Amino acid sequence: MSEGVDFKDIKRRMDGAVSVLRTELAGLRTGRASPNLLDPITVSAYGSQMPISQVGTVSVPESRMLSVQVWDQSLVGAVDRAIRDSNLGLNPIMEGTLLRIPIPELNAERRQEMVKVAHKYAENARVAVRHVRRDGMEALKKSEKDGEISQDESRGHSDRIQSLTDEHIAAIDDMLGHKEKEIMQV
């Protein structure tokens, strides 16, 4: 760590953006049911947004079926709405506090939609990485302005921040490419 710029913190925050993307991509289905599929969905419950896993139990009773056992009867409607509004193309069937979610076959059109969602997730991760870069560059300029580091040191640190950014963007693009191939595979 040099004065003004904490490279470990910058790397940690960029790694966090990549980690979030990995989790979101794991939730995109490729034809098989996975409990991770519902991870990005939040439910309006008790006055706040909560992940589905905090209002019920997600399980996979069959290879093409998910089920969500909602713990609180009053939240069943909210969970159903959240799943329907999630852009994942899922239509739950309510049976009391149990929601059965059949996983439809992926047709070509649906695969294209999934690829678009993956691209959206990747772009959000890229934006997050760029925000971290911007914060690092601003801290660098402030340190240089305050006289804590020289202009030459500032340039060197700036290059280092940019190379960290480039590495993380490349990792995001690589993950997106793999997921795209997986989705489009018939």
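# Helices and strands of a predicted model

Visitor: How do α1 and α3 stand to each other, roughly parallel or roughly antiparallel?

Guide: In this predicted model, the axes of α1 and α3 cross at roughly 170° and come within 9 Å. Axes are lines fitted to C-alpha atoms, for helices over the stretch in contact, and angles run from 0 to 180 degrees between N-to-C directions. Angles under 35 degrees count as roughly parallel, over 145 as roughly antiparallel, 65 to 115 as roughly perpendicular and the rest as oblique. The two helices α1 and α3 are therefore roughly antiparallel.

Visitor: How many nonpolar residues does the contact of α1 with α3 have?

Guide: On the α1 side, the contact (heavy atoms within 4.5 Å) includes Ile10, Met14, Ala17 and Leu21, and on the α3 side Ala118, Tyr121, Ala125 and Val129 are among its residues. Ala, Val, Leu, Ile, Met, Phe, Trp, Tyr, Cys and Pro count as nonpolar, Asp, Glu, Lys and Arg as charged, and the others, Gly among them, as polar. By these classes the contact of α1 with α3 has 1 polar and 4 charged residues, while its nonpolar residues number 12.

Visitor: What conventions and confidence lie behind these values, and what pLDDT does the protein average?

Guide: Residues are numbered from 1 along each chain as its sequence is written, and side-chain values use heavy atoms, without hydrogens and water. As this is a predicted model, local features need pLDDT of at least 70 and side-chain atom pairs count only at pLDDT 80 or more, whereas totals for chains, interfaces and linings use all residues. The predictor's confidence in each residue is its pLDDT, from 0 to 100. At least 70 is the score of 95% of the residues, and the protein averages a pLDDT of 86.

Visitor: Which element has the highest mean pLDDT?

Guide: The elements are DSSP runs numbered from the N terminus: helices (H or I, at least four residues) and strands (E, at least two). The lowest mean pLDDT among them, 86, belongs to strand β1 (residues 42–45), and the highest, 91, to helix α4.

Visitor: How does α1 stand to α4, roughly parallel or roughly antiparallel?

Guide: Helix α1 (residues 7–27) packs against α4 at an angle of about 10°, and their axes are 11 Å apart. The directions of α1 and α4 are therefore roughly parallel.

Visitor: How many charged residues are in the contact of α1 with α4?

Guide: Among the residues making the contact are Lys11, Asp15 and Arg22 of α1, and Arg160 and Lys179 of α4. The contact of α1 with α4 divides into 11 nonpolar and 3 polar residues, and the charged ones number 5.

Visitor: How far does α3 reach from its first C-alpha to its last?

Guide: Helix α3 covers residues 108–145, which is 38 residues. The expected span of a helix is 1.5 Å times one less than its number of residues. For α3 the expected value is 56 Å, and the helix comes close to it by reaching 55 Å.

Visitor: Which strands stand at the edges of the sheet?

Guide: The open sheet has 4 strands in the order β3-β4-β6-β5, with antiparallel pairing. Strands pair if DSSP finds at least two bridges between them. Each edge strand has a single partner, so one side of each is left without a neighbour in the sheet; the edge strands are β3 (56–62) and β5 (93–95).

Visitor: Which residue in the turn between β5 and β6 has a positive phi?

Guide: Strands β5 and β6 pair in the antiparallel sense over 3 bridges, and Ile93 stands opposite Arg100 in β6. Their hairpin has 2 residues between the strands, and a positive phi of about 70° belongs to Gly96.
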